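Hi everyone, thanks for making time. I'd like to walk you through one structure, starting from the whole chain and then zooming in on a sheet and its helices.

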Amino acid sequence: MHPRDQTIFALSSGRPPSAIAIVRISGPQAGAALTSLAGKIPLPRMATRVLLRGSGRGPIDDAVVLWFPGPASATGEDVAEFHVHGGRAVLAALFTALSRIEHVRAAEPGEFTRRAFENGKLDLTEAEGLDDLIHADTDRQRRQALRQLKGLLGDRARDWRARIIEASALIEAGIDFSDEGDVPAELMAPALAGIKTLLAEIEEGLAGRGKGERLREGLVVAIAGPPNVGKSTLMNQLARREVAIVSPHAGTTRDVIEVQLDLDGYPVTVIDTAGIRETDDPVEQEGVRRARARAADADLVLWLTDSEEGPWKHQGSSPVWLVRNKIDLDDEEAVAARSDSSRGHGFKISAGRGDGISDLVAALVAFAQDFFGVNEGALITRERQRRQLEETALSLRRSIAAVGRGEELVAEDLRAAAYSLGRLLGRVDVEDILDVIFREFCIGK
């Protein structure tokens, strides 16, 4: 039997132990498995309390079961759910009983969602939105992922594809009736107007400068500077916990330390790097090399110093903010910092005592707002989606440029545009990317 025709099961709730665990089973043998363990198939979509029994008829657990006959289910197949107590022994016994049923096996990562996709329950952009929703760390990431899951891009892409096919039908009708005098010209005019309007809409969606993709990935802020100026202390202040070792000895941080923060709903990764200086220590040299590389790739660099020296000239193009630390050593500066710690992109703080930290965090939030943009309606959240829309726009431009050189050329470019949108939705020739996308899912989804 082909793996796609087999019935699959997996734990779809959090890892045990837990109060309640949910085990899902999907496929043609879901009903038989439910009958075998629960003794009956309950009414569809009605929670029913049963005593689950294994193949030897020994009791497994006092549980609640639900039955979702296909195609009216999440995967489009027959689906059953077992709501059991979330102990490891209970789950082990349930998994053993399910595994003994013929043509029933444990699911692979993302296999439930892939079956939903293959059965037309969601398109590829919605599946990607579901994956992003599962992995969302901040509220803004959650809202963006939920919009994709609800069809923000998929619905638009389906509408665009239908309009392309409609314009293509007009042009091909003109080709079929080319001997009818002015018929081709009458059909070409409305088709061309529709193509131009469509191209403008797609280009507007592409104009977001990748902010949707970046919100999914997060903003990267690197803390750089000479040794022993308080980078690790600042890192701990921003994280509000001890994530980096703080020592009075220079060169304590040898490798790059990362921590993920939620700043007003924006995902921010803060990087604590090794102190940048000339050294003969080969281990510290490697740390300095990594520090320079990560700072060059960061979206923002906080150059930390305990003197009035200017920012380090790093190799990247990202902005550099000068942050003067240890102002608690000067009482007058500390007072000034508490009243107004920021001047432009210069900040004065005491990472050890906390002076000026709130102003620095507020500036980081403002930077994130500008970086990601205030518009939360970004259509594109992945590079794959952007590539397909760019290919669609390119084909539409070619079709417009081909007007006057032959209706056949226009029609061919429109077919290419419709094909690109089909790949965006996952409806044509995407077998090469399905494994890559769905293997990123967790088991049980």
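**The chain as a whole**

The chain exposes about 21,200 Å², and carbon and sulfur atoms supply 52% of it; accessible areas here come from the Shrake-Rupley method with a 1.4 Å probe, and for residues only the protein chains shown count as cover. Please keep in mind that this is a predicted model, where local features need pLDDT of at least 70 and side-chain atom pairs count only at pLDDT 80 or more, while totals for chains, interfaces and linings use all residues. Residues are numbered from 1 along each chain as its sequence is written, and side-chain values use heavy atoms, with hydrogens and water left out.

Of the 445 residues in the chain, 48% are buried, where buried means under 20% relative accessible area, exposed over 50%, and partly exposed in between (1.4 Å probe, protein chains only). The secondary structure comes to 15 helices and 13 strands; these are DSSP runs numbered from the N terminus, helices being H or I with at least four residues and strands E with at least two.

**The sheet**

Now, in what order do the six strands of the open sheet run? The order is β3-β4-β5-β2-β1-β6, with mixed pairing; two strands pair if DSSP finds at least two bridges between them. At the edges sit β3 (48-53) and β6 (104-106), each pairing on one side only. From one strand to the next, the twist averages 30 degrees. (Axes are lines fitted to C-alpha atoms, for helices over the stretch in contact, and angles run from 0 to 180 degrees between N-to-C directions.)

Strands β2 (residues 18-26) and β5 (residues 79-86) pair in the antiparallel sense over eight bridges. A21 has V84 in β5 as its bridge partner.

**Helices on the sheet**

Helix α1 (residues 30-38) packs on the sheet and touches β1 (7-11), β2, β3, β4 (59-68) and β5, contact meaning heavy atoms within 4.5 Å. The direction of α1 makes about 80 degrees with that of β3.

Which residues of α1 are buried? They are A30, G31, A33, L34, L37 and A38. These residues lie on the same side of α1 because they cover an arc of only 160 degrees around the axis, the arc being that of the directions from the helix axis to the C-beta atoms. After α1 comes G39, with a positive phi near 85 degrees.

Last stop: R114, found in helix α3. R114 counts as buried because its relative accessibility is 12%. Leaving aside residues up to four places away in sequence, R114 touches R4, E431, L434, D435 and F438.
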